Structures are given as C-alpha cells and as structure tokens.
Amino acid sequence: MYAVEINSLSKSFGKTKALDSVTFAVERGELFGLIGPDGAGKTTLFRLLTTLLNPDNGSATIDGFDIVKDYHTIRSRVGYMPGRFSLYPDLTVEENLNFFAALFGVTVEESYDLIAPIYSHIEPFRTRRAGKLSGGMKQKLALSCALIHRPSVLFLDEPTTGVDAVSRCEFWDMLSELKTKGITILASTPYMDEASRCDRIALCDKGHILDINTPQDIVNKYDSNLYAINADNMFNLLEASRKATGVIECYPFGESHHLVTNEEFDLNHYKEELGDFKNLTITPTAPTIEDMFIKLMKR
Amino acid sequence: MSDIVISVHNLTKRFGNFTAVDHITFDVQRGEIFGFLGANGAGKTTAMRMLCGLSYPTSGSGNVAGFDIMHEGEQIKRHIGYMSQRFSLYNELTVSENINLFAGIYGLSKKETTKRATQLLERLNLHSERNTLVKSLPLGWKQKLSFSIATIHNPEVVFLDEPTGGVDPVTRRQFWEMIYETANNGTTIFVTTHYMDEAEYCSRVSIMVDGEIRALDTPTNLKQKFNAMTMDDVFRTLARGAKRGE
C-alpha cells in the first residue's frame, strides 16, 4: 500500500483551477519533493491531503484512508507544518509543545527520542515565547510540534522559504534523519537546488504536474543540446544569441547564459555570427532541474 | 560626476552592547550589479538601512549617490530606488495609481509622469491591466512592476532586498534580464538574495558574517580563492564560521 495515493484530484477557487486533475503516489518512507513556484498548487494539495479542504473531483488516500470519508482517522496520522508560522506566539516554546501533545493525547516524553535531534537546538530557550524566536528557531519548534504524535506521513509546506543557504542545508539534513525512522515526508519548495535532497520530485506549475521522477532521471530526459556561454557584455550577448542560427532559446544562468540549440546549430557558425563579442566562450554543459523546468514550462 | 556611486568607510552600527555592523568598508562602481550576501542575522538589513538614509551610523562614514549618509539622508532617499519582497506596492490601488503615487513621491512633474508611465506600461506589456488592482496581479508581474516603479525616477542606485522569492524560474530570469538592462543603462544595482545562483549574476559579491565583510570579489575570483565549485560552497564555508545566530 502506498503512503499517499492521489487520483485525478482537482480543486478550484472561483474561476481559478488551483489543482487540475493531479495523479501520483508516494511510497512508504519516501522523501518526496513538490517543486514549483507560487501558484503551482502545492499548498492546496497539502490542505486537501491533510483534510483541511475537500476536493471538487477525484480522490486520495493516506495510509489507505480516504481524505473525505476518513478525515478523522487521517488527522491523527499526519503531521502538517504550514508555510506560515502557525503556533501560538504568546505561549512559550515548552507550552506550545505540551499543547500539541495534549491535543493528540500523547506526552512529550513518549515522543522525545523522535524530536530530540531537532528540539535539542531550541530546548535552552524553552521558557521563551514562541513569538520572540528567530526565524530558524520558529521553524524548528514548528517541526517539533508537527512530529509530537509520531505521524506516519509528514507534510511540510515551503519549510525553507526565506531561510539562508546554511540553515536550509541543515533543515534538509534533519529531514534525511527523520526518513531513516520510517516517516514518509512530502515537502514543497520553490528552490530548485533542493530537488537533489529528495528521493523523487514532482515538478509543478499552475495546478499541473509537469513531471515526476528521481532528480537524476528528470535531467537525464533532457533532449536538447545545452551550452554555457560567456562574453564581456553579458546583456548584449543574450539578445544577440537569441537571434543566432539554430538557437531555441538563451537565458541567464548564474555567471553564464545557457544556450539551448537544435540540429541547425553549428558551433563555428555561431562564433562567426557573434564575432563582435570580446572574450566569447562557449562550452557544452550538463542540464540541471531548472533547465528542465524551463523547458517543460514552455511546452 | 564620480564613477563611484556607493562608498563606505569603517561603517559601524551598535545597538546597546550589540555591534550589528562592524567597520565595513567598500566601494561600488556605477553600473555595477553588487550582491550583498550574508546569513540571516549577519547585519545586511542594518547596513542597507544606513545606505538608504533610514538609519544613522554609530561611527564611520559613507556616501551614496553623491550624498553623505550622516547628514544628507533626505537627499539620498530622493536619489535611490528601493524594492523589497515584503513591501513595494499598494495592493488596494490600481497599477496606474501606484505608478502615479510613486512618481509623485519622487517629485516627477506631471508631464514627466505621463511619459514615464506610458513607457513603463508598454515595456511591461501592462497597458490593458492599468486599471487592475495590484493585489490581483500574478506575483511575477507584481515584482516586475515594483522594480520598474523603484526605477521610475532614473535613480543613481536601486536597492533590491530579496526581490525574487517564490516566482518560477522563467519569470525569475525575465526579472534578472530587467536588472541587467537597467545596469547596462548606468543604474547601479545593490541586491540581497538567498539564491546562491543569483549571486553568480552579480559583477561583484560581498559576504557578511557576524557584522563584518569577510569576502568581496567577483564570483569567479571568490570560487577560485575558496577552491569551490559554486557560490553556494563559498557561502557555506564562510557562514558556517559564524559565531552569532539570528
């Protein structure tokens, strides 16, 4: 049995189709990433799966329980960390944790081994009000509270948005550790570079799933030639490259631009066409998740 | 006019016993895209507020767009643009109303406002949406609009505080193209970001740790110096050594 199974799930808000017939399944113990920008439908999907919303069409199960019919059972089996900080700012760290334990009919002691690797970072501040914590500490408290009842499936909605690169990396380390304890994790993120931390990812945009696979298999499917180009005037290089023969597109990519080409493209001819550019370099480069996302979005 | 648009020397800001910004010194050239990086709590926002004329340094000196940050804060505000992800536009006003409001705040004449507004709407392809409330625009359009409005008065320098959070990779690139174009036309860009790949778009990058600037160079040189493949590696090497938390 899959931990999460989703079948043609749809949800609209007025005229906006937030989620348009989405189908996929998540294996038990998998760390599954939903990767996409604002408006992709990530939050709506999480709210449906945690039984906070009902779907317009389609169905889904968590551990075999139906999200509409068995919502009560599901609520005690899932942990949910919303994108916005949703703990009680006027309660202390310790009070928040005890409160969530009481709601689920457990004690902090029973689950301490599970939350310890995360909670130990904020335990020295246990008498501080949650509203007075820094962003990174709030995130750790929210994760501790979401884990207090030993959920079978954990939903994390953009847990790393607005967090700096070092803390983001530490957070993913914590998730990898939770995975070893058998918890199934679905995490959403707008950061493409976090894809490699997941077992499998779904690339999503505007309520649709563009592709689902392991991060490696997603980039393996990239079927155009891709080059990294540089020159002294990077802005003009962009414009000129777009007009060159055999170029499908050209876009900024870090310190280089990426050049996507078709069979009409000829390296020497390209260099001739851009002969006016000083220090022009062009080298083949490996596609990343982001290159694939751009390609799929334009389709 | 000098070609150094931002110049700070030993800039320091203390709050009680806490030194948020500790003797930072650097220059930014005209037309440069200057990346201002640091972990949460490293002192970026405090430094940026001083550069924008919103807060006075405890010691040290600085000059932005030709004005002294200690004595000419009001002049600085008129000669810079500012955009952040958190606040830039008024959601309850239409696109046109936002343009007119900010043009007015920056002291553009009526004639100039009409001219710039037409140019701006045309460039963003937003003419048909000019009477739409800003809150109902997609996030990517909002960001492009706020950037255009932050530069409506042709400022010497524009400060961008984490401008691109949450948008798709195609929109994010369109946004960076606007930044390139603006810099190409001579406006200096001062930008903070948590996306390390965006740090590589910058002409030069500074990395703040514990209130100090620990590294400042082109992305290529920084990667060489720290023997790293990506800016992400450079950043992590430096920020891991931080003593103070957020």
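Predicted model: local features only at pLDDT ≥ 70, side-chain atom pairs only at ≥ 80, totals over all residues.

Q: Which residues are closest to the centre of the second largest pocket?
A: This pocket has a volume of about 1000 Å³, and 39 residues line it. Chain A and chain B both turn up in the set closest to the centre, which is A:Asp193, A:Phe253, A:Thr288, B:Asp197 and B:Thr230.

Q: Which helix gives the most to the lining of the second largest pocket?
A: Several elements supply at least two residues each, among them strand 13 (256–261) and helix 10 (289–298) of chain A. Chain B brings in helix 6 (169–184), helix 7 (196–199) and helix 9 (231–239). The top contributor, with 4 residues, is helix 6 of chain A.

Q: What is the area buried between chain B and chain A?
A: The contact takes 33 residues from chain A and 28 residues from chain B. Carbon and sulfur atoms give 58% of the buried area, and the total is about 2600 Å².

Q: How far apart are the closest N and O atoms in the salt bridge of B:Arg173 with A:Glu290?
A: There are 4 salt bridges across the interface of chain B and chain A. The cut-off for such a pair is 4 Å from nitrogen to carboxyl oxygen. B:Arg173 and A:Glu290 make it, with their closest N and O atoms at 3.1 Å.

Q: Which residue stands opposite A:Ala228 in strand 14 of chain A?
A: Strand 11 (residues 225–230) of chain A is joined to strand 13 of chain A by 5 antiparallel bridges, and there A:Ala228 has A:His258 as its bridge partner. Strand 11 also pairs with strand 14 (residues 281–284) of chain A, again antiparallel, over 4 bridges. On the strand 14 side, the residue opposite A:Ala228 is A:Thr283.

Q: Why is one side of strand 2 and of strand 5 of chain B left without a neighbour in the sheet?
A: The sheet is open, with 4 strands of chain B in the order 2-1-4-5 and antiparallel pairing. Strand 2 (18–29) and strand 5 (67–68) stand at the edges, so each has a single partner strand.

Q: Which residue of strand 2 of chain B stands opposite B:Phe15?
A: Strand 1 (residues 4–15) of chain B runs antiparallel to strand 2 of chain B, and 8 bridges join them. Opposite B:Phe15 you find another phenylalanine, B:Phe18.

Q: Which residue takes a positive phi in the hairpin of strand 4 and strand 5 of chain A?
A: Strand 4 (residues 57–62) of chain A pairs antiparallel with strand 5 (residues 65–66) of chain A over 2 bridges, and A:Thr61 stands opposite A:Asp66. The hairpin has 2 residues between its strands, and the one with phi near 50° is A:Asp63.

Q: How far apart in space are A:Tyr80 and A:Val26, C-alpha to C-alpha?
A: A:Tyr80 lies in strand 6 (residues 78–81) of chain A. Its contacts beyond four places in sequence include A:Phe46, A:Leu52 and A:Phe155. A:Val26 is 54 residues away in sequence, and the distance in space is 16 Å.

How values were computed: Residues numbered from 1 in each chain as written. Chains lettered and ligands numbered in written order. Heavy atoms only, no water. 1 Å grid on protein atoms, 1.4 Å probe; cavity = no way out; pocket = protein on both sides within 12 Å on 5 of 7 lines; lining within 4 Å. Points joined across faces, edges and corners; volume = space filled by probe spheres on them. Pairing = 2+ DSSP bridges. Contact = heavy atoms within 4.5 Å. Buried area = accessible area lost by both parts, 1.4 Å probe. Salt bridge = Lys/Arg side-chain N within 4 Å of Asp/Glu carboxyl O.
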